[in-house]
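Q: Can you walk me through how the parts of this protein sit against each other? I have the structure open.

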Protein chains: 2
Amino acid sequence: MPCHVALIGVGLVGKQVVHQLSSPALSPLFRIVSLSNSKHTVSIEPSSSTLPAEDLLALLPASSAALPSSSSHPGASYSSANPEQVVKDLAHASKQSKTSTILIDCTSDLSVTQLYPLAISSGLSVVTPNKKGFSSSNELWQQILEAQNAPGAGLVYLEATVGAGLPIISTLRDLLKTGDEITKIEGVLSGTFSYIFNEFSKPGVKGGPKFSEVVKIAKANGYTEPHPADDLSGSDVARKLTILSRLISANPSSLPALPSFAEGYVSLPTQSLIPKALEGLASGTEFVEKLPEHDEEFDTLRAEAEKEGKVLRYVGVIDRMAGIAKCGLEKYPAAHPFASSLSGADNILALHSHRYSNSPLIVQGAGAGAEVTAMGVVADAIKVAERTGVRVHL
Amino acid sequence: MPCHVALIGVGLVGKQVVHQLSSPALSPLFRIVSLSNSKHTVSIEPSSSTLPAEDLLALLPASSAALPSSSSHPGASYSSANPEQVVKDLAHASKQSKTSTILIDCTSDLSVTQLYPLAISSGLSVVTPNKKGFSSSNELWQQILEAQNAPGAGLVYLEATVGAGLPIISTLRDLLKTGDEITKIEGVLSGTFSYIFNEFSKPGVKGGPKFSEVVKIAKANGYTEPHPADDLSGSDVARKLTILSRLISANPSSLPALPSFAEGYVSLPTQSLIPKALEGLASGTEFVEKLPEHDEEFDTLRAEAEKEGKVLRYVGVIDRMAGIAKCGLEKYPAAHPFASSLSGADNILALHSHRYSNSPLIVQGAGAGAEVTAMGVVADAIKVAERTGVRVHL
């Protein structure tokens with residue numbers, strides 16, 4: 001019996017998820033029963049015939065459009081978007097039909113993640129690339145963990161929250177569940193920072209372009225958020241590191257405890273690369289215009305690294321032995337994989353553990369983008385389906 | 001209800017598997033019901049109390065010892081090793097008790113892998129680091145694939161056959177199952193070759209040690225098989241590449257077909273680094289003694305690579321666009337991750353796909369060793385257990 005899927009958030013990633021789930025290989029395994037954007041929800045009768053991805057997506061009116069009074073498709077019905085109601089209706093339908101149901105959250109809304117405890121404890125499985133539920137308050141995180149203990153609780157898969165489709169969360173989980181002890185995690189976890197520092201600070205190169213120049217090009221090429229300060233604050237990296245840190249802490253260990261990050265990622269020491277004078281500037285364009293006034297600070301940092309034969313990288317570090325997690329600029333020698341092997345906007349993560357002690361386990365590759373993020377989500381959905389009896393062969 | 005586990009092959013890896021399965025976190029999920037070495041099998045009543053790993057392992061007499069007439073443990077009984085009988089008995093017991101049962105094959109015997117089709121089709125799940133079943137004749141491989149179609153068939157997990165605990169098979173599977181197209185796979189898949197060429201051919205270094213000298217040191221440090229020719233033949237790499245290639249071919253694709261490797265890894269074009277004159281030499285010690293006579297050939301290869309600013313690496317390559325798979329020496333520029341990022345005896349694999357097209361998805365780390373191999377096996381066993389209803393939380 002196919003798994004039912006309700007998708008909340010139908011942006012670039014959500015659309016890709018629908019496309020991948022509708023492939024000839026996967027469409028027999030999944031039935032998309034609801035699509036929601038910020039304004040509307042379309043519910044689709046699971047018994048109605050399966051539609052191609054484009055037709056399915058066309059059933060949902062744009063959030064800017066009005067709610068249609070009647071449906072163009074006999075199996076589709078409309079309502080105003082209300083994620084809590086979606087969760088309750090799905091849980092009810094799932095219990096009635098005894099069908100495994102997956103809530104895929106492709107929004108970046110905290111409010112949707114606050115529904116995870118309810119969803120999980122009422123038997124829905126949650127699959128998401130949305131970092132907010134796992135990197136905000138410890139209270140919400142604990143509620144999510146506890147929801148797993150409810151009778152008939154759903155599953156939680158979050159591979160795509162860190163590194164998109166890269167096998168980071170699953171690998172960490174395999175190490176932890178088989179009893180390995182993680183001693184250190186270190187990674188370039190932001191595609192934006194990866195691009196910026198791969199350009200700004202190259203191994204074996206004296207000097208280089210101005211920091212403001214690199215940020216300007218990154219923005220022009222779409223490697224940054226519309227307001228580059230949203231990247232330079234480091235909070236995206238801090239969120240990812242909070243997730244990795246909490247997953248480690250959720251497992252028994254004889255090593256020093258990591259902080260619980262009561263307020264989530266904001267409790268994690270994070271170096272902001274936003275110059276003090278530009279903090280709070282509302283316009284991204286103005287920010288980029290004024291950034292050259294601060295190039296000297298970055299030139300100095302680069303020169304200091306060069307003197308040691310090193311390059312600058314913005315990394316997240318969990319040092320288990322010291323019991324700390326932090327984000328910021330670090331210096332790496334030219335032969336280090338973060339210096340030599342990294343290119344473009346790739347992410348890289350090095351896992352050091354008792355078993356991987358001589359040299360770390362390294363995962364590297366594109367860590368952002370709709371297709372690879374959707375892949376992380378859909379691979380997780382397949383795992384949920386497999387755990388509820390669906391067979392996918394070698 | 002815990003999964004039952006029957007382990008065949010209790011060498012270094014098998015022992016580690018028992019230790020990891022017996023951890024406080026996992027022992028509630030698994031019950032080891034049988035242990036076999038090449039001579040004996042001990043069957044353990046699942047209802048008898050769970051034993052610590054060391055006590056459990058002590059129940060199995062050494063293969064050099066005689067079969068004990070009676071057991072020191074009330075729940076244990078002995079028989080002469082007969083893997084086919086073990087499979088039949090397990091299948092029977094599993095059906096009777098409706099208990100999910102995993103056959104873990106930690107041997108390197110072809111004969112055990114020939115039992116996989118029977119095991120799988122009679123409902124046992126197979127988890128193994130043994131490459132032979134998946135890299136020998138295409139006939140056996142097809143039988144394994146077909147066994148998955150039997151009603152109530154067991155599952156097959158083989159992460160540890162390539163790169164030990166590194167997330168290679170699972171990542172490849174996630175890409176394939178979500179509809180990505182693999183265009184190229186390239187990797188240093190042998191710890192022995194990795195060590196040898198990381199020492200023999202370093203980026204930015206003129207010349208270097210003699211090939212025979214590096215092999216001698218590798219042998220002394222236990223990085224090679226007792227007879228180094230077993231590594232230098234390339235057949236271990238060819239087996240791994242056969243497995244990756246077959247997993248790709250088992251999925252629908254619009255790209256050129258890869259060969260089916262009718263005879264398995266021997267059908268895969270593989271460059272042997274055994275000098276012609278030393279082929280068939282029975283003694284590993286004599287082989288190492290005579291290897292210096294052939295250093296010039298390797299010096300020449302290294303000098304040629306140096307002239308192009310490159311290093312030598314022994315790699316496996318699947319080039320999907322050209323429809324070929326092959327193993328042998330290739331040259332890589334100094335800035336390539338295979339040259340710059342690789343160290344020690346690490347494995348590295350680069351997956352190029354439609355989604356990972358600008359830069360590949362890279363996995364790197366220790367690709368051999370009892371602990372990390374056992375980790376790959378046990379992580380797979382957890383996945384099988386989860387797919388049969390066992391709950392393991394975040």
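Q: What are the ipTM and pTM of the model?
A: This is a predicted model, and its scores are ipTM 0.96 and pTM 0.97.

Q: And what is the mean pLDDT of chain A?
A: The mean is 95 for chain A, with 99% of its residues at 70 or more.

Q: Which domains does chain A have?
A: The assignment gives domain 1 as 3-164 + 372-388 and domain 2 as 169-367 of chain A. Their centres, taken over C-alpha atoms, are 31 Å apart. In the contact between them, domain 1 of chain A supplies 16 residues and domain 2 of chain A supplies 21.

Q: How much area do domain 1 and domain 2 of chain A bury between them?
A: About 1600 Å², and 61% of that is on carbon and sulfur atoms. On the domain 1 side, Lys131(A), Ser135(A) and Val162(A) lose the most area, together 32% of what that side buries.

Q: Which residue does Lys131(A) form a salt bridge with?
A: Its partner is Asp236(A), with the closest N and O atoms 3.2 Å apart. The count between domain 1 and domain 2 of chain A is one salt bridge. Ten residue pairs are in polar contact across that interface.

Q: Which element gives the largest share of the domain 1 side?
A: That is α6(A), with three residues. The elements giving two or more residues to this side are α6 (132-135), α7 (138-147) and α16 (370-387) of chain A. By type, the side has six nonpolar, six polar and four charged residues.

Q: Switching to the two chains: how many residues are in contact?
A: 53 residues of chain B contact 53 residues of chain A. The buried area is about 4600 Å², of which carbon and sulfur atoms give 54%. In chain B, Arg355(B), Arg387(B) and Leu394(B) lose the most area to chain A, together 18% of what that side buries.

Q: How many salt bridges are there between chain B and chain A?
A: Six. One salt bridge pairs Glu386(B) with Arg387(A), the closest N and O atoms being 3.4 Å apart. There are also 27 residue pairs in polar contact across the interface of chain B and chain A.

Q: Which element of chain B gives the most to that side?
A: α16(B), with nine residues. Other elements of chain B that supply at least two residues include α7 (138-147), α8 (169-177) and β12 (361-366). The chain B side divides into 29 nonpolar, 14 polar and ten charged residues.

Technical notes: Residues numbered from 1 in each chain as written. Chains lettered and ligands numbered in written order. Predicted model: local features only at pLDDT ≥ 70, side-chain atom pairs only at ≥ 80, totals over all residues. Heavy atoms only, no water. Domains from an automatic or database assignment. Contact = heavy atoms within 4.5 Å. Buried area = accessible area lost by both parts, 1.4 Å probe. Salt bridge = Lys/Arg side-chain N within 4 Å of Asp/Glu carboxyl O. Polar contact = N/O pair within 3.5 Å; in protein donor to acceptor, adjacent residues only side chain to side chain. Helix = DSSP H or I, 4+ residues; strand = E, 2+ residues; numbered from the N terminus. Nonpolar A, V, L, I, M, F, W, Y, C, P; charged D, E, K, R; others polar. pLDDT = per-residue confidence, 0-100.
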